[in-house]
Amino acid sequence: MNEHSFFAYLAVCAGVTYLVRLLPLVLIKKKITNRFLLSFLHYMPYAVLSVMTVPACFYATGSVLSAAVGFCAALFLAFKGKGLLPVAAGAAAAVFVTELLTEYVLPMI
């Protein structure tokens with residue numbers, strides 16, 4: 001990719017990002033009162049974050065099995081009401097133990 005096309009792509013990305021943020025401010029002048037639309041806008045960031053994060057969780061480790069164990073451990077700890085640090089540490093520990101088991105213990109059986 002040469003320098004000219006890079007800056008063209010960068011300008012298009014910046015323009016699209018700016019328009020997505022600017023158009024609602026310009027086009028919607030009055031307060032939104034529709035309950036469905038308010039609920040949709042309230043939960044949209046969580047949905048987008050989930051769609052971007054969850055698939056990446058399953059390919060972040062050496063195997064899908066250890067990723068699934070870590071994901072389940074994170075879900076369990078999160079539903080138990082633990083904070084971000086214990087959930088992340090518990091998921092990492094679960095992945096570490098699963099990787100150790102699949103690498104060293106299971107081949108011996």
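User: How many helices and how many strands are there in the protein?
Analyst: In this predicted model, the pattern read along the sequence is α-α-α-α. The protein has four helices and zero strands.

User: What radius of gyration does the protein have, against that of a compact globule of 109 residues?
Analyst: The C-alpha atoms fill a box of roughly 65 × 50 × 20 Å along the principal axes. A compact globule of 109 residues would come near 13 Å, whereas the radius of gyration of the protein is 22 Å.

User: What percentage of the 109 residues in the protein is buried?
Analyst: The accessible surface of the protein is about 9,200 Å², and carbon and sulfur atoms hold 75% of that surface. A residue is buried when its relative accessible area is under 20%. Of the 109 residues, the buried share is 10%.

User: Is Ser66 buried or exposed, and why?
Analyst: Ser66 lies in helix α3, which covers residues 64-79. The cut-off for a buried residue is under 20% relative accessible area. Because Ser66 has 0% relative accessibility, Ser66 counts as buried.

User: With the side chain of which residue does the side chain of Ser66 make a polar contact?
Analyst: Beyond its neighbours within four places in sequence, Ser66 touches several residues, among them Thr61, Val95 and Thr98. The polar contact of the Ser66 side chain, at 2.5 Å, is with the side chain of Glu99.

User: What share of the contacts with a separation of 6 or more is between residues 24 or more positions apart?
Analyst: The count takes contacts in the protein with a separation of 6 or more. Residues 24 or more positions apart account for 37%.

Notes: Residues numbered from 1 in each chain as written. Predicted model: local features only at pLDDT ≥ 70, side-chain atom pairs only at ≥ 80, totals over all residues. Heavy atoms only, no water. Helix = DSSP H or I, 4+ residues; strand = E, 2+ residues; numbered from the N terminus. Buried < 20%, exposed > 50% of the residue type's maximum accessible area, 1.4 Å probe, protein only. Polar contact = N/O pair within 3.5 Å; in protein donor to acceptor, adjacent residues only side chain to side chain. Contact = heavy atoms within 4.5 Å. Rg over C-alpha atoms; globule rule 2.2 N^0.38 Å. Areas by Shrake-Rupley, 256 points an atom, 1.4 Å probe, with all protein chains shown as cover.
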